[in-house]
Amino acid sequence: MAQKKTTMYKCGECGYTRPTWLGRCPECGTWNSLEECFIDPNSVSHSFDGGASKKNTPVLLSQVNPLENSRLNTGIDEFDRVLGGGAMKKSVILIGGEPGIGKSTLLLQTAASIAKNTAEKVLYVSGEESAGQIKGRADRLNLDSTGISLLCSMRLEDIKETLVSLNPVFAVIDSIQTVYSLEAGVIPGTINQLKFCANELIGWAKERDCVLVMSAHVTKDGNIAGPKSLEHMVDTVVSFERNDDDIRFLRAGKNRFGSVDELGLFLMTEKGLEGIGDPSAMFLTKREGRPPAGVANTAVFEGSRIFIVEIQALTVPAKSSISRVYSDKIDSARVARVAAVLEKKTGLTFSNQDIYINVAGGVKLSESAIDAALAASLYSARTGIEMEENSVLTGELSLAGEIRPVQRLKLRVKTAKELGFKKVYAPESEEGAFRIRTVQELVKIIAEKGRKTETNP
């Protein structure tokens with residue numbers, strides 16, 4: 001005989017449960033945090049095994065098979081690159097990005113690719129779209145959806161039953177913020193709901209040869225919405241970004257099974273997301289003749305690949321008594337530090353200037369090897385002297401004005417030469433490169449080999 005549901009009140013902050021409502025949680029002291037929830041004795045057990053889950057016992061680490069968690073190839077090279085060579089089985093991936101950036105498109109393409117290439121069971125759970133909308137997207141992208149099982153539900157209990165019965169090798173939850181359980185409250189997206197539902201799903205994936213991918217909403221700052229503990233619970237955290245064009249950037253902020261330095265590049269087309277296999281020259285602006293003042297090229301490492309990027313600088317008289325730095329692709333503190341070193345070592349004034357910094361292509365740069373090119377672009381913008389044509393600069397700038405060595409210089413020089421750059425300036429002696437040791441030497445080279453066009457007041 002089926003038992004009736006029991007009404008309980010659970011704290012959204014600490015999870016404390018009691019049968020009656022209180023204005024303040026007795027456990028954590030938070031006001032108005034108790035929410036109504038239901039305990040259903042007839043629902044699937046928390047263990048996903050109907051209450052018959054086996055007890056875990058310790059094993060000798062020396063007897064553990066390191067190849068037990070094999071990787072699952074997603075069939076999308078750029079996605080595999082960011083994940084470290086494929087998705088590790090028994091792992092959970094959290095992917096976040098702003099609305100409309102292509103998270104659902106990427107996950108649907110991945111699900112179709114795995115279902116086609118492996119002939120394994122694949123489950124796609126959607127709490128935001130109807131079955132007709134997802135089928136329409138699959139048809140627009142010309143995807144083979146015959147191997148994908150689709151569940152449109154927000155209830156955790158429905159998802160649990162489907163996972164147990166289907167036992168897929170790849171499962172998508174789109175998105176985790178829409179999933180709710182009556183045992184954690186009746187409102188999806190709360191902190192308590194996120195922790196409870198994510199923990200249930202992660203526990204299931206860890207016990208089976210399944211890759212679980214959860215998409216997540218983001219805040220206006222671009223961070224994954226919800227508690228930070230959600231990122232600690234998963235194995236890999238991937239962020240989806242874009243520039244002003246149709247280019248998408250895929251980065252791993254956390255990866256227990258690979259590097260976090262890899263960058264995946266996609267182009268959004270009518271057929272969905274297409275990986276950019278050779279992006280070496282995509283961030284360079286094609287122009288005839290010498291570059292304008294304020295432009296300098298540098299070679300940066302993103303994981304296992306080298307990109308030649310163009311840094312653009314503009315200096316104008318400050319509009320107020322306080323100068324400002326406007327830079328969203330390079331850390332503004334780095335820009336201010338490089339400008340201060342230039343002012344100290346060359347006598348060129350930046351303290352009365354507003355500084356604008358941009359990176360062609362919209363990629364964000366954080367590597368210290370860009371310092372020399374950033375200094376060159378700032379000096380060029382401030383003096384109006386154009387940089388030498390077909391030149392690349394690389395090196396880290398110290399507070400003493402020294403240009404310090406960088407890692408993998410040989411590969412940087414080789415890539416620049418292959419792309420047709422005639423001059424590479426670097427802090428170390430390397431075949432095909434010209435050595436520069438200080439920022440004064442760098443400024444002297446610009447002044448001698450550059451061409452003055454316009455000087456800022």
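How many helices and strands does the chain have?

## The whole chain

The chain has 10 helices and 25 strands, where helices (H or I, at least four residues) and strands (E, at least two) are DSSP runs numbered from the N terminus. This is a predicted model, in which local features need pLDDT of at least 70 and side-chain atom pairs count only at pLDDT 80 or more, while totals for chains, interfaces and linings use all residues. Residues are numbered from 1 along each chain as its sequence is written, and side-chain values use heavy atoms, with hydrogens and water left out.

Taken along the principal axes, the C-alpha atoms fill a box of roughly 90 × 55 × 50 Å. Of the 457 residues, 49% count as buried; buried means under 20% relative accessible area, exposed over 50%, and partly exposed in between (1.4 Å probe, protein chains only). Among contacts with a separation of 6 or more, 67% link residues 24 or more positions apart, a contact being heavy atoms within 4.5 Å.

## Helix 4 and its cover

Let us visit helix 4, residues 156–166. Its buried residues are Leu156, Glu157, Ile159, Lys160, Thr162, Leu163 and Leu166. Their cover includes strand 7 (122–126), strand 8 (148–152), strand 9 (170–174) and helix 5 (191–206). Just after helix 4, Asn167 takes a positive phi of about 50°.

## A buried arginine

Arg137 lies in helix 3, residues 131–140. Arg137 counts as buried because its relative accessibility is 12%. Leaving aside neighbours within four places in sequence, Arg137 is in contact with Ser104, Thr105, Leu108 and Glu129.

Val64 lies in the loop between strand 3 (34–39) and strand 4 (71–72). With a relative accessible area of 37%, Val64 is partly exposed.

## A hairpin

Strand 13 (residues 263–269) and strand 14 (residues 272–275) run antiparallel and are joined by four bridges; two strands pair if DSSP finds at least two bridges between them. A hairpin of two residues connects strand 13 to strand 14, and Thr269 stands opposite Gly272 in strand 14.
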